[in-house]
Amino acid sequence: MSKHFQFLDLPRKMPRELPVAVRLAGWQEIYGQFEQTGAAEQSARCLDCGNPYCEWKCPVHNYIPNWLKLVQEGRLFEAATLAHETNPLPEVCGRVCPQDRLCEGDCTLNDGFGAVTIGAVEKYIVDEAFRAGWRPDLSAVKKTGKRVAIIGAGPAGLSCADRLVRRGIEAHVFDRYEEIGGLLTFGIPPFKLEKEVIATRRQVLESMGVLFHLNTEIGRDIAFADLQRDYDAVFAGTGAYTSLDGGLTGRDLQGVTLALPFLIANARRLLGSGDANDPLLDLKGKRVVVLGGGDTAMDCVRTSVRLGAASVTCAYRRDEANMPGSRREVKNAKDEGVEFLFNRQPLSIRPRNSNGGSGQVGAVSVVETRLGAPDANGRQAAETVPGSESELAADIVILAFGFRPSPASWLAEHGVALESDGRIKLGPGLPYQTSNPKIFAGGDNVRGADLVVTAVHDGREAGNAIARMLLR
Ligand code: FAD
Ligand code: SF4
């Protein structure tokens, strides 16, 4: 049988998935690694269909069929080099991209046969190449004497730095946190992305010449004007950190928390830089209700289960089909014992004692919803069903309604125009250049809260544009 029909003999197979009991006992990534044979076999399922929809759908347009072929042929280092041509953080995207909505969703085989396991192969290529000693080859790069300041060591900032040092431009990355990665380190929990992956990437970037200045907040520890003066260009990859709280009454009650402080506290505790006894993380035996239905909500419910909550319930105002997060993460949460209540809109957060006050949370009052007519974007609005109000008992309530950017005042003071919702506005000049020609921006602070892979795309393209401006 010709290789084009291998998918008929070889079903889609992910690397090993930890049994639920093992998952819940720790923080390990739940998916393992392919062996060389497994990676080659799964790669050989690619039809090489001539019009690679997967490549088009991937936001960084990875050369997917090409690196799948190199894996089949055992040419690991060439595959790693090719993977890095389009993606400065392939081992991260291979782990956390919602592949079911991106590359794998558009694989020709995702039509009953099972899509090629693109994300798992991408992760295999880079993890194994690093393990075998492969590193990006910058031996031919000549120093240009130019230097760029990058604010934010999240995926956008790191991708920008990668592209700049490959062009001989010094990249200085400043971050207020004690470790690089942005939300890769402090938001996304280790069961999706172990922090050793970021530590390895930090070593690789440092070996390429990227300079990190951590525990350094621009606007507090260093004035933005100093960066403007001392560097040839600035890239702002500062993310989106204003949490939406839904405006619910009772959100100030004890036991109610926003998603990000909760996840950051847990990330810091696991990294050893936080409070091991942080009261935010004391969920043992408690009933936790998480409000929201995106990736952040899924991370909160799965973290709560691991912290020993007695029960974890996720209430979401639309139905399952309309959840914005990855299908895979919803399934993982269900497997780990999370209860989902779809079509439930929160109305208020109630105190434990009926006389109210600023006491302890006791319940979330919800109303059932049904989906109405689709809006201009085709998304159906949730309408409430009169008379269907009820209460969900809760000792802890986590609000995971999303984020929006809150750009620092120094951006506007330096002539950077903003959109009315706080996102940084890009100018008409080079890609990712703002209205101040020396300042570029990308990732969540331009798009609003989005994805790792889109932040990687923006950082990559901004880095290329800055190099074009400085080296012409
Ligand atoms: P960030 O990752 O937020 O990085 C910004 C960095 O800038 C931070 O390190 C911050 O400390 C620093 N910074 C800000 N201001 C300053 C300053 N003044 N001085 C110095 N440093 C500063 N996406 C996925 O694709 N898959 C997922 O599974 C996924 N899960 C997620 C889970 C959670 C809980 C959250 C919150 C998001 C998740 N996302 C996921 C979204 C994804 O993490 C973000 O879209 C992505 O990290 C944005 O990258 P960024 O570089 O723009 O910003
Ligand atoms: Fe798929 Fe993301 Fe990798 Fe692109 S970067 S191939 S979307 S996993």
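1. Ala, Val, Leu, Ile, Met, Phe, Trp, Tyr, Cys and Pro count here as nonpolar, Asp, Glu, Lys and Arg as charged, and the others, Gly among them, as polar. By these classes, the shell around ligand 1 holds 16 nonpolar, ten polar and eight charged residues.

2. The model is predicted, with local features needing pLDDT of at least 70 and side-chain atom pairs pLDDT 80 or more, while totals for chains, interfaces and linings use all residues. Residues are numbered from 1 along each chain as its sequence is written, chains are lettered from A and ligands numbered from 1 in the order in which they are written, and side-chain values use heavy atoms, without hydrogens and water.

3. Around ligand 1 there are 34 residues, and V96, D175, K192, Y241 and D444 come nearest; a residue is near if one of its heavy atoms lies within 4 Å.

4. Oxygen atoms of ligand 1 have polar contacts (N or O pairs within 3.5 Å). A polar side-chain atom of K192 is 2.8 Å from a ligand oxygen, and an N or O atom in the side chain of Y241 is 2.6 Å from one. Of the 1000 Å² of accessible area (Shrake-Rupley method, 1.4 Å probe) that ligand 1 has on its own, the protein covers 97%.

5. Five strands (DSSP E runs of at least two residues) form an open, parallel sheet in the order β6-β14-β7-β8-β9; strands pair if DSSP finds at least two bridges between them. Because β6 (256-258) and β9 (339-341) stand at the edges with a single partner strand each, one side of each has no neighbour in the sheet.

Key: A polar contact is a pair of N or O atoms within 3.5 Å; within protein, one must be able to donate a hydrogen and the other to accept it, and residues adjacent in sequence count only if both atoms are side-chain atoms. Helices (H or I, at least four residues) and strands (E, at least two) are DSSP runs, numbered from the N terminus.
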